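Visitor: I am new to protein structures and would like to learn how to read one. Could you walk me through it?

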Amino acid sequence: MSYQALYRKYRPRDFSGVKGQEHIVTTLMNQIQADRIGHAYLFCGTRGTGKTTVAKIFARAVNCENPGPDGPCGECAMCRAIGQQTSMNVVEIDAASNNGVDDIRQVIEEVQYSPAEGRFKVYIIDEVHMLSVSAFNALLKTLEEPPSYLIFILATTEAHKIPLTILSRCQRYDFKRIRVETIAGRLRELLDQEQIEAEERALTYIARQADGALRDGLSLLEQCISFYFGQKLTYENVLKVLGAVDQTVYHELMEALVRNQVEHMLDVVGRMVEQGKDLTQFVNEFVWYLRNLLIVKTAEEVGQLVDMSEENLREMERCAGEIELEMVFRYIRVLSELANEMKYGNNKRVMLEVAMIRLCRPQMEKDYESLVNRLHNLEQLGEELQETMASGNFAVTAAGQKTNSSEAAPPKKEIRPEALPDDVKDVVANWKQILGRISAVARTMLEDVRLSVSDTGMLILAFSQGTTAEYFKKEENQQELIEAAAQLTGKEVKLEVRFVESRRELNTLPELRSMIKNVEIEILD
């Protein structure tokens, strides 16, 4: 006998072999046992989840002479004839290549004749969404009032493309994506029958790569055991065959991202290209890595949600402690967009390298997540400068001269008169000079500030982002801005920080910078 692919060789012969679709199998079995069989079924779901397999089992079960608790007996004449594809009672049609109205009219002519043997004539139409509008219209009348011996089973991966007139006449069954552990368990059963050794970790990785499709999992497994024929299937071997990347590479790439090391990231990409890795798959797996990082950072119990070794989990927990949540969101967004673009791109390496540089340059974007990323980079730079200065045990004076930090006396706070509304006006009029006297972090935080003045003469800083508002509510951050204003005016300017969640409410606040041309300053109530 010629060689058969694993997914064909081990296709289930009865309902007991169907994995991950218990809700559908139970319903169909109850219908057969109660003799309440419908005339039209619609099987929906992603590829490789068992739609065609269940349709064939159901077609044998309704014609079986001795159906059991698992469906067809597999021994009677009808079961053998249908299994050998010699029975006229079961007809399979590929709507992708037979989608015209003439093809459906031929079907309609054939269904007028009752089956010569067995109870039902079953038509399985695969990829039914590919039928033309005229073909659907031709099928509609027969589907609405079929002969008592006729059953239609329509299978599709895109149910939204099927007309509502067809949907309303069918019993709809949605096939779920199969869980990773279910796929891995099925792969283990088949390997035991084939007498092939494999690591559980390798099977779990293949199951995860199958993305909920058991057929895809069997195809990937077959590819791996063919390459390492006669050898034990290890996790490292699976990574090599599937062009995948070990978790340590993603840890390395994540660490380079957090530390803003562009050259290191590009070096990692270069190594992946030299090793012949599929860059699109590399990006998709990195997105999955970031998904796991997000769960580790937000969830309390991650054991059931993240599938990885204890060693990798500890490394991921360390990475999660060094990065803000908003940065992870931004990385996932940028890389997901990249994965879609790479499907149609020619130079994937350039696209990936540009995206990596973009991740390290949040100033190229203006959204909230990028702002948090920029602050993270600035804070990290500040920490590095502090460590450098601490290691040298010196402080820098205003004249730029190094002095011994142990001899530097703490500066005395100067007592200044309180600022009047006219002084606040001077501060706003010279706002650019004020920004030049404060740190880069504070300048970044003040990019979207709205300046106004209260009835007591306080300078109002109104923000639409909670992060920036919280930053300036801290006394040490306020003091930096107050000191910069005092250097300009010689007065002590008092600040009031407001977080205005509604953009409309924010816009109703008088903008002091736009009123600065007026002689008088309007005072808020």
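Here is a conversation about some helices and residues in this structure.

Guide: Welcome! Keep in mind that this is a predicted model.

Visitor: Let me begin with the whole chain. How many helices and strands does the protein chain have?

Guide: There are 25 helices and 10 strands in the protein chain.

Visitor: And what share of the residues is buried?

Guide: A residue counts as buried when its relative accessible area is under 20%. Of the 525 residues in the protein chain, 47% are buried.

Visitor: Which residues of α16 are buried?

Guide: First, the general idea: an α-helix has 3.6 residues a turn, so residues three or four places apart point the same way. In α16 the buried residues include M327, R330, Y331, V334, L335, L338 and M342. V328, I332 and A339 are buried as well.

Visitor: How do I read the way two helices pack? At what angle do α12 and α14 cross?

Guide: Look at the distance between the axes, then at the angle. Helix α12 (residues 247-258) and helix α14 (residues 279-298) have axes that come within 11 Å and cross at roughly 75°. Angles of 65 to 115 degrees count as roughly perpendicular, so α12 and α14 are roughly perpendicular to each other.

Visitor: Which residues meet there?

Guide: From α12 they include Y250, L253, M254 and L257, and from α14 they include F282, F286, Y289 and L293. The residues of this contact divide into 10 nonpolar, 2 polar and 1 charged.

Visitor: How is α14 placed against α17, roughly parallel or roughly perpendicular?

Guide: The axes of α14 and helix α17 (residues 348-360) are 10 Å apart, and the helices pack at an angle of about 30°. Angles under 35 degrees count as roughly parallel, so α14 is roughly parallel to α17. L279, T280, F282, V283 and F286 in α14 meet K348, R349, L352 and M356 in α17. By class, that contact has 6 nonpolar, 1 polar and 2 charged residues.

Visitor: Let me zoom in on one residue. Why does C319 count as buried?

Guide: Compare its accessibility with the cut-off: C319 counts as buried because its relative accessibility is 3%, and the limit is under 20%. C319 is found in helix α15 (residues 310-320). Leaving aside neighbours within four places in sequence, C319 is in contact with M254, Y289 and L293. M254 belongs to α12, while Y289 and L293 belong to α14. C319 and E255 are 64 residues apart in sequence, yet 7.0 Å apart in space, C-alpha to C-alpha.

Visitor: Is R186 buried or exposed?

Guide: R186 is buried, with a relative accessible area of 11%. R186 lies in helix α8 (residues 180-194), and a polar contact of 3.1 Å joins its side chain to that of E189. Beyond four places in sequence, R186 is in contact with Y10, K19 and L214.

Terms used. Residues numbered from 1 in each chain as written. Predicted model: local features only at pLDDT ≥ 70, side-chain atom pairs only at ≥ 80, totals over all residues. Heavy atoms only, no water. Buried < 20%, exposed > 50% of the residue type's maximum accessible area, 1.4 Å probe, protein only. Helix = DSSP H or I, 4+ residues; strand = E, 2+ residues; numbered from the N terminus. Polar contact = N/O pair within 3.5 Å; in protein donor to acceptor, adjacent residues only side chain to side chain. Contact = heavy atoms within 4.5 Å. Axes fitted to C-alpha atoms, helices over the stretch in contact; angles between N-to-C directions. Parallel < 35°, antiparallel > 145°, perpendicular 65-115°, else oblique. Nonpolar A, V, L, I, M, F, W, Y, C, P; charged D, E, K, R; others polar.
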